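The sequence and the model are shown first.

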Amino acid sequence: VLAILSAESKLAVSAQPYTMSAAWQEVRRRSEDVAILTVIGIALLLIWSFVPIISPLLDLLTELLLVVGFPVLLSDMPEGTDFVSVTFRKIVKIADEDPVSFLVLLAGSFISMIPVLNFVALPYSVVLSTLCIREV
């Protein structure tokens, strides 16, 4: 779902006409990398479930990684680029250059972990993430 939202937000932010089929084509074009990022997210969430006390904070950071990671992955990066390290660098840049947007991304990541509210929080967070990535 995050990959499709990221592809749609990328097309919408760049003022290109977008459709669901264009988003699917973009995701299919980078399907290997999308699968890798999805597996990383699932593995981290699984590992954090065994960590007592701080697991909600680690889940929040993993959600932030995914919310920023998919737009970074589907941006115009050349194939074969290490998108995980680029994602970490982008998160640090967003926190340094625009702390308010970083806090809003954190809040959106937190709200997206709540089952019903995630339908509103995820698209908003992904669009904000796409805009932040373009600016930093």
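Leaving aside its neighbours within four places in sequence, with which residues is Asp33 in contact? Asp33 is in contact with Leu73, Glu79 and Phe83, where contact means heavy atoms within 4.5 Å.

The model is predicted, so local features need pLDDT of at least 70 and side-chain atom pairs count only at pLDDT 80 or more, while totals for chains, interfaces and linings use all residues. Residues are numbered from 1 along each chain as its sequence is written, and side-chain values use heavy atoms, with hydrogens and water left out.

## Overall architecture

The chain has seven helices and zero strands, and from the N terminus its elements run α-α-α-α-α-α-α. Helices (H or I, at least four residues) and strands (E, at least two) are DSSP runs, numbered from the N terminus. The radius of gyration, taken over C-alpha atoms, is 14 Å, close to the 14 Å that the globule rule gives for 136 residues, so the chain is as compact as a globular protein of that length. The globule rule is 2.2 Å times the number of residues to the power 0.38. The C-alpha trace spans about 45 × 30 × 30 Å along its principal axes.

Of the 136 residues in the chain, 43% are buried. Buried means under 20% relative accessible area, exposed over 50%, and partly exposed in between (1.4 Å probe, protein chains only). The accessible surface comes to about 7,700 Å², and 71% of that surface belongs to carbon and sulfur atoms. Accessible areas come from the Shrake-Rupley method with a 1.4 Å probe; for residues, only the protein chains shown count as cover. Among contacts between residues at least 6 apart in sequence, 64% join residues at least 24 apart.

## Salt bridges

Side chains of opposite charge can pair when their charged atoms come close. A salt bridge is defined here as a side-chain nitrogen of Lys or Arg within 4 Å of a carboxyl oxygen of Asp or Glu. By this rule the count comes to three, as listed in the table.

| Pair | N to O distance |
|---|---|
| Glu26 and Lys10 | 3.3 Å |
| Arg29 and Glu26 | 2.8 Å |
| Asp33 and Arg30 | 3.0 Å |

Lys10, Glu26 and Arg29 are linked in a network of salt bridges. Glu26 and Lys10 are both buried, with Glu26 at 15% relative accessibility. Arg29 and Glu26 both lie in helix 2, three residues apart, about one turn of the helix. Arg29 is partly exposed, with a relative accessible area of 45%.

Asp33 lies in helix 3 and is buried at 14% relative accessibility. Its partner in the remaining salt bridge, Arg30, is buried with a relative accessible area of 1%. The side chains of Asp33 and Arg30 also make a polar contact (3.0 Å). A polar contact is a pair of N or O atoms within 3.5 Å; within protein, one must be able to donate a hydrogen and the other to accept it, and residues adjacent in sequence count only if both atoms are side-chain atoms.

Glu63 is placed in helix 4 and is buried, with a relative accessible area of 13%. Beyond its neighbours within four places in sequence, Glu63 is in contact with Leu2, Ser109, Ser112, Met113 and Leu122. The C-alpha atoms of Glu63 and Phe110 are separated by 7.8 Å, although these residues are 47 apart along the chain.

## Loops and surface

Phe110, Ile111, Met113, Ile114 and Leu117 form a nonpolar surface patch with about 400 Å² of accessible area together. Patches are made of residues with over 30% relative accessible area and no salt bridge: like charges are joined within 9 Å, and nonpolar side chains (Val, Leu, Ile, Met, Phe, Trp, Tyr) within 5 Å. Ile114 is found in the loop between helix 6 (99–111) and helix 7 (118–135), and is partly exposed, with a relative accessible area of 34%.

Ile53 occupies the loop between helix 3 (31–48) and helix 4 (55–73). Ile53 is exposed, with a relative accessible area of 82%, and its phi is near 70 degrees, a positive value in a residue other than glycine.

Pro17 lies in the loop between helix 1 (2–13) and helix 2 (20–29) and is exposed at a relative accessible area of 77%. The C-alpha atoms of Pro17 and Glu79, 62 residues apart along the chain, are separated by 24 Å.
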